[in-house]
Amino acid sequence: MLFCAQGRGVPQELGEATRYLRLAAEQGLAAAQFNLAVLCGSGRGGLPQDDCEAARLFRLAAEQGYADAQLNVRVCYEIGRGVPCDIGEAARLYRLAAEQG
C-alpha cells in the first residue's frame with residue numbers, strides 16, 4: 001500500500017493505495033483506521049471529504065489505544081467536527097492519550 005501511495009517501484013496510484021488502506025481498516029488495523037481517517041477528513045486519496053467518517057475511524061483506532069487517534073478524535077469532540085461538540089469527552093480522550101505518552 002505504501003509503495004502504491006508513494007510510487008516506490010510502481011506507478012503512484014493513490015486510489016489503489018486507498019483501497020488497500022480501506023481493506024486493512026475494515027480488518028481492524030488501528031494504524032490503517034487512523035490513516036484512512038486522515039484521508040477522509042481532508043478529502044485526499046480519491047475520497048470525498050467526510051468529517052463524520054473521519055471521526056468514526058479515529059474513534060475506532062482510539063478505542064484500540066492508538067494515541068494519535070485519541071488526540072485527533074479529541075479535537076473532533078472539542079470543536080464538533082463530525083461529532084457533536086462534547087468538551088467532557090474531549091478532556092477524557094486527552095487524558096487517555098497523555099497517559100500513554
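What is the handedness of the crossing of H3 and H4? The crossing is left-handed. The legends below describe close-up views of a predicted model.

**View 1. Helix H3 against helix H4.** H3 spans residues 30-42 and H4 spans residues 51-63; their axes come within 8 Å and cross at roughly 160 degrees. Angles over 145 degrees count as roughly antiparallel, so H3 is described as roughly antiparallel to H4. On the H3 side the contact is formed by Ala30, Gln33, Phe34, Leu36, Ala37, Val38, Cys40 and Gly41. Their counterparts in H4 are Asp51, Glu53, Ala54, Leu57, Phe58, Leu60 and Ala61. By class, 11 residues of this contact are nonpolar, two are polar and two are charged.

**View 2. Helix H2 against helix H3.** The axis of H2 (residues 14-26) comes within 8 Å of the axis of H3, and the two cross at roughly 130 degrees. H2 is therefore oblique to H3. The crossing is left-handed. H2 contributes Thr18, Leu21, Arg22, Ala24 and Ala25 to the contact, and H3 contributes Ala32, Gln33, Asn35, Leu36 and Leu39. Six nonpolar, three polar and one charged residues make up the contact of H2 with H3. Gln33 and Leu36 of H3 are listed in this contact and also in the contact of H3 with H4.

**View 3. The ring pair of Phe34 and Phe58.** Two aromatic pairs are counted in the model. In the pair shown here, the ring centres of Phe34 and Phe58 are 5.6 Å apart and the planes lie at 50 degrees, so the pair is tilted. Phe34 belongs to helix H3 and Phe58 to helix H4; the two residues are 24 residues apart, and the pair links distant parts of the chain. Phe34 is buried, at a relative accessible area of 11%. Phe58 is buried as well, at 7%.

**View 4. The ring pair of Phe34 and Tyr66.** The ring centres of Phe34 and Tyr66 are 5.3 Å apart, and with the planes at 35 degrees this pair is tilted. Tyr66 lies in the loop between H4 and helix H5 (67-79), 32 residues apart from Phe34 in helix H3. This pair, too, links distant parts of the chain. Tyr66 has a relative accessibility of 26% and so counts as partly exposed.

**View 5. The aromatic cluster.** Phe34, Phe58 and Tyr66 are linked into a cluster by ring pairs. Phe34 and Phe58 are also among the residues through which H3 and H4 meet.

Key
Residues numbered from 1 in each chain as written. Predicted model: local features only at pLDDT ≥ 70, side-chain atom pairs only at ≥ 80, totals over all residues. Heavy atoms only, no water. Axes fitted to C-alpha atoms, helices over the stretch in contact; angles between N-to-C directions. Helix = DSSP H or I, 4+ residues; strand = E, 2+ residues; numbered from the N terminus. Parallel < 35°, antiparallel > 145°, perpendicular 65-115°, else oblique. Left-handed = near helix turned anticlockwise from the far one by under 90°. Contact = heavy atoms within 4.5 Å. Nonpolar A, V, L, I, M, F, W, Y, C, P; charged D, E, K, R; others polar. Phe/Tyr/Trp six-rings, centres within 6.5 Å; stacked < 30°, edge-to-face > 60°. Buried < 20%, exposed > 50% of the residue type's maximum accessible area, 1.4 Å probe, protein only.
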